[in-house]
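Hi,

Here is the model I said I'd pass on, with the sequence alongside. Could you open it up and read my notes next to it?

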Amino acid sequence: MFSVAVCDDNLTECCQMARKIKQILESMKIPFIIKQFGNGKDLLQASGSFDIIFLDIVMDGLDGMKTAQFFREREYNKMLVFVSASRKYVFEAYDVEAFQYLLKPVDNKKLERVLQRAVIKIEKSTQEFIIASKERQTIKLFLDDIYYFEIKGRLINVHGIKDIFTYYEKIGVLEESLKDKGFFRCHKSYLINLKYVDAYNRQEAILENGEKIVISKRRYEKFCKAVLGVMRKNGGII
């Protein structure tokens with residue numbers, strides 16, 4: 001399901017853009033869902049994760065550029081498309097790595113090309129992920145971007161390449177979602193991504209980023225087998 005958000009404080013233009021996107025995706029026979037927002041604050045607080053976001057730039061309150069900056073802080077892979085009546089914000093759009101910059105009134109052919117490129121990018125993406133929710137924030141956590149999970153009761157600290165995301169989850173549910181995905185629970189408090197293990201001994205695993213994660217004695221042998229299995233799978237050992 002291809003998910004789209006359209007954010008514009010002009011209700012008429014917001015509805016028109018959503019309608020155009022709907023017609024194009026229907027012609028492409030792509031299953032989709034579209035949600036409309038009248039301001040950046042409501043968009044940021046919305047539950048769910050969107051594949052692509054169409055953002056008006058000049059809006060009352062939280063403008064499109066500031067909204068994009070907030071998205072980049074928490075979801076780096078988000079596809080952002082700015083929609084504006086002016087070219088003056090083009091260089092600012094580069095700063096938040098916009099997927100595209102469209103001028104109003106939006107040309108249907110250009111919009112179609114943007115959506116085609118976005119769909120191809122999503123379809124080509126083979127990254128596995130899990131969904132994590134905290135309060136009103138729901139995000140995709142791409143497994144390739146995670147070094148390890150730190151478990152503290154019901155609290156899960158996700159130590160990623162860029163930052164740490166904390167949410168509430170049962171450890172049993174987390175372990176089940178990571179089954180056969182290259183993660184190993186080397187200690188009651190840690191689930192590590194085996195692809196990032198650079199070295200290890202009987203006491204700890206050393207990750208590529210230099211962090212050291214403790215290995216419990218009773219899990220050590222299974223840990224060794226799991227690491228070797230990942231190395232063979234990824235071509236690190238013959």
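Let's start with E175, which is partly exposed at 31% relative accessible area. On that scale, buried is under 20% relative accessible area, exposed is over 50%, and partly exposed is anything in between (1.4 Å probe, protein chains only).

Some housekeeping before I go on: this is a predicted model, so local features need pLDDT of at least 70 and side-chain atom pairs count only at pLDDT 80 or more, while totals for chains, interfaces and linings use all residues. Residues are numbered from 1 along each chain as its sequence is written, and side-chain values use heavy atoms, with hydrogens and water left out.

**Salt bridges**

I counted a salt bridge when a side-chain nitrogen of Lys or Arg sits within 4 Å of a carboxyl oxygen of Asp or Glu. That rule gives ten salt bridges. Back to E175: its side chain meets that of R185 in one of them, at 3.1 Å from N to O. E175 is in helix α6 (residues 171-177) and R185 in strand β11 (residues 183-187), so this bridge ties together parts ten residues apart in sequence. R185 counts as buried, at 17% relative accessibility. Helices (H or I, at least four residues) and strands (E, at least two) are DSSP runs, numbered from the N terminus.

K104 and D56 also form a salt bridge, 3.2 Å from N to O. This one links distant parts of the chain, 48 residues apart: K104 is in the loop between β5 (100-103) and α5 (108-124), and D56 is in strand β3 (residues 52-56). D56 is buried at 7%, whereas K104 is partly exposed at 23%. Both belong to a salt-bridge network that also takes in D8 and E13.

Then there is K195 with D144, at 3.6 Å from N to O. K195 lies in the loop between β12 (190-193) and β13 (197-200) and D144 in the loop between β7 (137-142) and β8 (146-152), so the pair ties together parts 51 residues apart in sequence. K195 is partly exposed at 37%, and D144 is partly exposed at 35%.

**Around β12**

Strands pair here if DSSP finds at least two bridges between them. β12 runs antiparallel to β8, with three bridges joining them; Y148 has I192 as its bridge partner in β12. Three bridges also pair β12 with β11 in the antiparallel sense, and there F183 partners N193. A hairpin through two residues joins β11 to β12. β12 is covered on both faces, with Y190 and I192 buried on one side and L191 and N193 buried on the other.

**Helix α1**

Which residues of α1 are buried? They are C14, M17, A18, I21, I24 and L25.

The 17 residues of α1 (residues 11-27) should span 24 Å at 1.5 Å a residue, which agrees with the 25 Å between its end C-alpha atoms; the expected span is 1.5 Å times one less than the number of residues. N10 caps the N-terminal end of α1, with a side-chain oxygen 3.1 Å from the backbone nitrogen of T12. After α1 comes K29, with a positive phi near 60 degrees.

Cheers

Conventions: Polar contact = N/O pair within 3.5 Å; in protein donor to acceptor, adjacent residues only side chain to side chain.
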